[in-house]
Structure formats: structure tokens, C-alpha cells
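Student: I have a model open and would like to go through it by question and answer. Can we start once it is on screen?

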Amino acid sequence: MTTSLTLRRPDDWHLHLRDGAMLQGILPETARHFARAIVMPNLVPPVVTGAQAAAYRDRILAALPDGMAFEPLMTLYLTEETDPADVAAAHASGLVKAVKLYPAGATTNSASGVTDFEKVRGVLEKMAEIGLPLCVHGEVVDADVDIFDREAVFIDTVLDPIRRATPGLRVVMEHITTAEGAAYAQSGGPDLGATITTHHLVINRNHILVGGIKPHYYCLPVAKREHHRLALRAAATSGLPCFFLGTDSAPHADPAKESACGCAGCFTATNTMSILAHVFEEDGALDKLERFTSLNGPAFYDLPANDARLTLERGGPVTYPDKIDTGAGTVTVFDPGFALHWHVKP
Ligand code: DOR
Ligand code: ZN
């Protein structure tokens, strides 16, 4: 049995770091294990311009504890007013690594997102020209589309038409949750990638709903049926270059989750590497873990893999705090529902 595994240091290709006291409280949870992360721009107000992204980057670096190394890879929030020239300048300066598309109303802080995709055509064409990836929250928001179907409908009615209309546009399907999502990503060639979260490899919709509502398992896109979870496991452990880790670790203070109208988001930054080692071991794919966490993402984003290494060791049960205390309230750490035996060597 493998009991030690050394990988290139991992990166997180989809992460919510928030701002202020919450940022301060949760940033070490990611920086402890991850070298870099694509940082989501859905603050209130959102990070729309290059100047706002530069200021947010400075706040993240200021919140980093002494002695920790971490590189935030910044993104811009696409609105119908986004200026293609500002996007191009933010990319040319090296500051911005992707633009994030939220369909308006799809998820947390998405009100400024896109309703009329014609209005962002100019930005998308500029991005295709300069090779700047578009990260996509892939769910339609139509009231008459069932929430469990929203990803598959988005692929057919929004994503595929956008990709056909914009040759050369590089796209990351963020946090895919369905067999359809995995199949589409796999068929899309080198300009298409997909991130997969830790929690979608572990939970299906029963975990959220059976035996009482579990607000800490609620996220968007919502976890689907078991056969979709198994398709995501097969994708993540395949080693295929289009699939890489994006945890979508999304902290909300406990009262905002444990509420009559609870926020979407699972906070997995703290124990993600332990959970992933467990999952990959269970599927006989520990040899593919490094591709998923540390190699495929940099290759898609045209960045070098990290030189530093991270070692995972298998031993007795490893425990993590149930909650992280932040100046903005406590945040519950994702509970995978099974004992963890892999820990990151300090
Ligand atoms: O579960 C989610 N939480 N999904 C998202 O798309 C947004 C995120 C958040 O910002 O809390
Ligand atoms: Zn997200």
C-alpha cells in the first residue's frame, strides 16, 4: 500500500477568498497547501475593472500571514458594460488570468452578471484574440428549468452557441456537476477545460436532503444524482488534461448557511488535499492525483507547474477543525462523512 506521495505543489483553479475579516480568517487555509489560486471576483460590489482587480490583489497579499507564500491569480467579473480595452490591458500587464461569466441571478452575488449574451460579444471576441480564458458558471436561470437540469440546458443553449460563434475562445467550465458536463468538456479540444470541486466528488443530492436538510452541503451548482457523481469521479481520476481541481471553496459565516434561506457554498480549503487523496486512492488512481491538482491546470492556463513539492502521508485518522473562527464569524469546514487517513506533511 502506498503510504507517501510527493506531488508538485497544488493550485486551486476556482476559489472564493472574499474580503476584509473573512479574507483574513480563511486565506491561511488555502495558502497552507496551495501555491496559487484563480480568485473569484464575486465580491459586493464585484471586481469588474483592472484597477479593482489590482486593489483586490493587494488586499489579498496584505492579508497573507508572514512566512506563507501564495500567488493570487486575478479574474474580472464580466458585465454587459465591461470594456474590452480594459480587459486587454489587465491581461497584457499580467494581472488578470481569466474573466468570469455569471449568468445574472445564477448564484451568490451574480446580480451584475450577464442577461443578454449579445452585449458581451465584443469582450469575448477580444478574449479569443488575446487568448484570455473565460471561466463560466454554467447554469441557466430560467424559472421553468428545473434546478437539477440547469447545467445540461446551459451547455446546449448557451455554452455551445457561444463557443461556435467565437472560434478560438478558451473556456473553463467551472465546477461541473453532471455526466453531460464531463462529456462535453472531454469532447471540446484543447481550448476547453473543466474544473471539478472536491465536494462534488464526495456528495450527491441525497447527502443534502435525506434525513433533514444539510445546509453545509448546499452549493451551486447543486450536487446531482449518484451517477453524475460517479461520472465526475471518473473524469477527475482519468488524468485527462481537460480536468483539473477548482475547489470552489466558498466560505459563508454559519448563520448565513443555517438559515431559512441559506447561502450556497461548501468550505473545503482546509481538508481538500486529504479528501482528494482518499478519493483517488479509493478509485485506484493515486498516480493521477498530481495531474488533477498540480499539472493539468497550469498547462491549460499556460503557466509553469510549481517547482515546490507537497507530500501526503497515510497514517492513523487525521482530524481537522470543524469550524474556522474568523473576524466575520465561524465557518464550518466541509465534512466528507468518512474518516480521513491522508495528511499533508507539515
Ligand atoms: O456554491 C457556490 N458558492 N456557488 C457559487 O457559484 C458561488 C459561491 C459563493 O460565492 O458563495
Ligand atoms: Zn464559485
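Student: At the start of H3, which residue has a side-chain oxygen that reaches to within 3.0 Å of the backbone nitrogen of Ala-85?

Tutor: This is a predicted model, where local features need pLDDT of at least 70, side-chain atom pairs count only at pLDDT 80 or more, and totals for chains, interfaces and linings use all residues. Residues are numbered from 1 along each chain as its sequence is written, chains are lettered from A and ligands numbered from 1 in the order in which they are written, and side-chain values use heavy atoms, with hydrogens and water left out. Helices (H or I, at least four residues) and strands (E, at least two) are DSSP runs, numbered from the N terminus. The side-chain oxygen at the start of H3 belongs to Asp-83.

Student: Within what arc do the buried residues of H3 fall?

Tutor: Buried means under 20% relative accessible area and exposed over 50%, with partly exposed in between (1.4 Å probe, protein chains only). In H3 (residues 84-92), Val-87, Ala-88 and Ala-90 are buried. Taking directions from the helix axis to the C-beta atoms, these buried residues line one face of the helix, because they fall within an arc of 165°.

Student: Which residues coordinate the zinc ion (ligand 2)?

Tutor: Donors are N, O and S atoms within 2.8 Å of the metal (3.2 Å for Na, K and Ca); water is not among the atoms, so sites may look incomplete. Along the chain the donors follow the spacing H-x1-H-x231-D. At 2.0 to 2.1 Å, they come from His-14 (NE2), His-16 (NE2) and Asp-248 (OD).

Student: How many residues apart in sequence are the parts that His-14 and Asp-248 tie together?

Tutor: Both His-14 and Asp-248 coordinate the zinc ion (ligand 2). His-14 lies in strand S2 (residues 12-15) and Asp-248 in the loop between strand S9 (243-245) and helix H9 (254-257), so the parts tied together are 234 residues apart.

Conventions
A polar contact is a pair of N or O atoms within 3.5 Å; within protein, one must be able to donate a hydrogen and the other to accept it, and residues adjacent in sequence count only if both atoms are side-chain atoms.
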